[in-house]
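Here are some notes to read alongside the model, written as one colleague to another. Please keep the viewer open as you go through them.

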Amino acid sequence: MLKKLLMLMAMLYAAVAFAAVDINKATVAELDGIKGIGPSISGKILEERKKGDFKDWNDLIGRVSGIGETSAARFSASGLTINGNAYSGPPAKKAPEARPAANTKEAAATAKKDAPMAPAVAPMAAASSAKK
């Protein structure tokens with residue numbers, strides 16, 4: 001009974017250990033074991049890895065053609081990691097910075113142009129009704 005329990009625990013440990021595959025340490029067989037990665041993509045990954053380890057998911061997406069954000073998310077869900085990290089999505093886009101006006105005349109012209117026009121009829125109507 002003790003042997004069976006130990007064997008079960010060893011099998012569970014092995015399953016957990018093989019669930020995550022680090023791209024910087026994986027062999028061709030381990031990469032091919034990830035759902036969606038075939039011989040073509042694993043070959044591209046290994047060629048790029050020869051140039052240096054992948055820093056993060058954006059580095060992988062940028063260096064390996066054929067891997068985009070969608071496939072990176074699928075590979076991560078299948079157990080692929082980079083330096084122990086799962087794919088968390090694309091980086092947030094920065095909001096465009098407002099460009100300051102070059103001088104005060106330009107700023108005043110822009111403000112005047114953007115200001116809504118007041119109706120010219122309203123003051124005349126008010127004045128004519130006050131005379132009655």
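1. Basis of the model. This is a predicted model, in which local features need pLDDT of at least 70 and side-chain atom pairs count only at pLDDT 80 or more, while totals for chains, interfaces and linings use all residues. Residues are numbered from 1 along each chain as its sequence is written, and side-chain values use heavy atoms, with hydrogens and water left out.

2. Salt bridges overall. Searching the whole structure gives four salt bridges (a side-chain nitrogen of Lys or Arg within 4 Å of a carboxyl oxygen of Asp or Glu).

3. Lys51 with Glu48. The closest N and O atoms of this salt bridge are 3.0 Å apart. Both residues belong to helix 3 (residues 39-51), where they are three residues apart, about one turn of the helix. Helices here are DSSP runs of H or I with at least four residues, numbered from the N terminus. Lys51 is exposed, at 66% relative accessibility, whereas Glu48 is buried, at 15%. For these words, buried means under 20% relative accessible area, exposed over 50%, and partly exposed in between, using a 1.4 Å probe and protein chains only.

4. Arg63 with Glu48. Glu48 also meets the side chain of Arg63 in a salt bridge, at 3.3 Å from N to O. This pair links distant parts of the chain, with Arg63 in helix 4 (residues 57-63) and Glu48 in helix 3, 15 residues apart. Arg63 is partly exposed, with a relative accessible area of 23%.

5. Asp59 with Arg63. These two form a salt bridge as well, with their closest N and O atoms 3.1 Å apart. They are about one helical turn from each other because they lie four residues apart in helix 4. Asp59 counts as buried, at 15% relative accessibility.

6. The nonpolar core. The largest one has 19 residues, and among those with the most contacts inside it are Ile23, Ile45, Leu60 and Ile67. A core here is a set of buried Ala, Val, Leu, Ile, Met, Phe, Trp, Tyr and Cys residues joined through side-chain atoms within 4.5 Å. Helix 3, helix 4 and helix 5 (69-77) each give two or more residues to this core, and helix 3 gives the most, with three residues. In soluble globular proteins, nonpolar side chains tend to be buried together.
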